[in-house]
Amino acid sequence: MPSHLTLSLDHLRRLENFGHSISAPAYVFRPTHAEQVAHFLREAQERNLRVALRGAGRSYGDPHMASGGVVLDLRRMNRILAWNPDSGEITVEPGVTIERLWQYALEDGWWPAVVPGTMKPTIGGCLAANVHGKNNWLAGTIGEHVTRLRALLPTGEEVALSPDDDLFPALVSSMGTLGVFTEITLRLHRVHSGEVEVGAWAVPHLKQMLDDLDAHKESSDYVVAWLDGTARGKGLGRGQIHVARYLEPGEDWHPARTLALDYQTLPENILFVPKSVLWMFMRPFMNRLGLWGINTAKYLSARTLGNHKTFRQSHAAFNFLLDYVPHWERAYGKGGLIQYQCFVPKENAYEAFREMLETTHRHSLPTYLGVVKRHRPDRFLLSHAVDGFSLAMDFRVTNGNRRRLQDMADVLNRIVLQAGGRFYLAKDATLTPDAWLASLGEDTLRRYFDLKAQLDPHEVLQTDQYRRLFAPLKERLA
Ligand SMILES: Cc1cc2nc3c(=O)[nH]c(=O)nc-3n(C[C@H](O)[C@H](O)[C@H](O)COP(=O)(O)OP(=O)(O)OC[C@H]3O[C@@H](n4cnc5c(N)ncnc54)[C@H](O)[C@@H]3O)c2cc1C
């Protein structure tokens with residue numbers, strides 16, 4: 001049998017995280033079929049190589065990297081295997097993107113029940129992280145809409161799982177460290193229009209933001225808030241809330257028109273500037289002064305022009321706001337960016353978020369973009385969610401601030417843990433093993449390591465994130 005894993009220069013690539021702030025070399029292979037993945041895993045085990053799986057590389061840290069090892073880029077496994085326009089059930093290979101998924105189903109009146117804030121990720125990557133949307137408190141995570149899946153284990157075994165199987169909640173959320181999803185069946189959400197009805201208003205401080213998000217969750221299908229990370233004092237945590245609801249049958253007079261793909265396409269130009277180069281115009285503003293100016297202008301316009309407005313927006317425009325400006329992350333400059341996202345129970349969220357925002361000011365590292373969402377707990381093994389709120393903060397990385405960012409993240413972690421909060425591996429670049437252990441608890445991690453020993457006894461699947469967060473805990477919990 002010829003070798004599949006030829007570690008030649010042809011396969012050597014420097015891979016990056018989404019924010020271009022972390023990079024690592026790896027031998028990259030791009031399988032097209034599950035059998036090829038199985039060959040790669042077997043050979044990696046025989047030759048003592050470690051493997052990371054990679055979807056679209058949209059995670060903010062290092063869960064899709066294996067420094068010096070092998071990375072299986074699964075984007076070529078991207079066939080849609082079955083579609084039932086009556087039930088909204090679709091079976092896909094893991095490399096199908098969220099973009100392809102909604103574009104495939106929308107004209108038949110279906111929209112994915114859960115989508116992240118960008119349409120670029122793959123379904124396999126989304127299931128590994130168990131992503132949430134702006135409707136998490138209501139719709140749960142993507143894993144809650146999977147009716148069946150097939151996965152390849154590093155032992156070579158192939159498993160077919162339904163949500164009732166014990167392995168299901170462990171594999172979903174395991175960040176590519178327990179097995180490889182090879183086929184995923186999702187149930188989509190019925191929609192009667194290509195639009196949602198959106199409400200938007202400004203909130204003057206954090207307390208109001210959390211109260212309003214909570215109060216509107218009964219009457220909305222989505223709630224989310226943009227937070228001005230530069231505001232201090234009485235305006236700490238001010239921002240703008242967006243809520244949205246699906247339209248009922250009959251509310252849209254032209255559903256065939258709004259459900260059409262042309263109607264959903266995001267505009268090519270914004271203020272006459274081609275959106276492909278827009279990030280270059282943003283770059284001069286990516287400093288403390290520019291950041292303050294943009295956030296203040298955005299808040300003031302939310303308070304005046306956009307206050308208490310109700311309007312209709314396409315599903316794509318509402319859900320994928322960040323995709324309006326392709327490569328916006330490049331505006332952060334050479335050092336790139338990281339995101340810090342935490343999830344805090346509702347009773348403690350106000351105090352914790354207030355302290356966290358003050359911490360960012362004390363460290364002179366205010367967030368460039370803050371987003372707050374409402375969540376509910378779920379049954380997945382490495383779950384990030386709680387009955388509460390999440391705060392996501394983007395930080396610019398420079399050569400000079402990496403150490404300070406880590407120091408600040410350590411302080412933020414302590415605040416989150418004291419508040420009974422959790423972290424999210426898809427957004428993590430700064431967690432420590434201790435913080436990870438404290439957030440999930442020993443029982444959960446012991447169960448994880450038991451499964452790891454059973455499903456991947458030779459530890460073939462070892463991402464850089466696994467090495468950073470899990471591996472140091474293994475001996476300790478043995
Ligand atoms: C602008 C932006 C907005 C975002 N908004 C949200 C949001 O609102 N909510 C949210 O939850 N997340 C959000 N994310 C995070 C993103 O959805 C997740 O990081 C997602 O996992 C990325 O998918 P990917 O295909 O890029 O996978 P990658 O980032 O390449 O990989 C993610 C993980 O999946 C594993 N993996 C990949 N394929 C497979 C497979 N077939 N089988 C098993 N494991 C696999 C990898 O090993 C890795 O651990 C956002 C990211 C960006 C860049």
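Mentor: We will take the domains, then their interface, then the core.
Mentor: This is a predicted model, where local features need pLDDT of at least 70, side-chain atom pairs count only at pLDDT 80 or more, and totals for chains, interfaces and linings use all residues. Residues are numbered from 1 along each chain as its sequence is written, and side-chain values use heavy atoms, with hydrogens and water left out.

Trainee: Which domains does the assignment give?
Mentor: Domain 1 (76-190) and domain 2 (195-432), with bounds from an automatic or database domain assignment.

Trainee: How many residues of each are in contact?
Mentor: 37 of domain 1 with 36 of domain 2, contact meaning heavy atoms within 4.5 Å.

Trainee: And how many salt bridges across that interface?
Mentor: The rule finds one; it asks for a side-chain nitrogen of Lys or Arg within 4 Å of a carboxyl oxygen of Asp or Glu.

Trainee: Switching to the core: which residues touch the most other members?
Mentor: Y340, F353, V372, W436 and F470, in the largest nonpolar core, of 126 residues. Such a core is a set of buried (under 20% relative accessible area, 1.4 Å probe, protein chains only) Ala, Val, Leu, Ile, Met, Phe, Trp, Tyr and Cys residues joined through side-chain atoms within 4.5 Å. This core draws at least three residues from each of domain 1 and domain 2.

Trainee: What does Y340 touch?
Mentor: Not counting residues up to four places away in sequence, its contacts include M356, L391, F395 and F423.

Trainee: What lies apart from that core?
Mentor: Another core, of 20 residues, among them Y27 and L53.

Methods: Buried means under 20% relative accessible area, exposed over 50%, partly exposed in between (1.4 Å probe, protein chains only).
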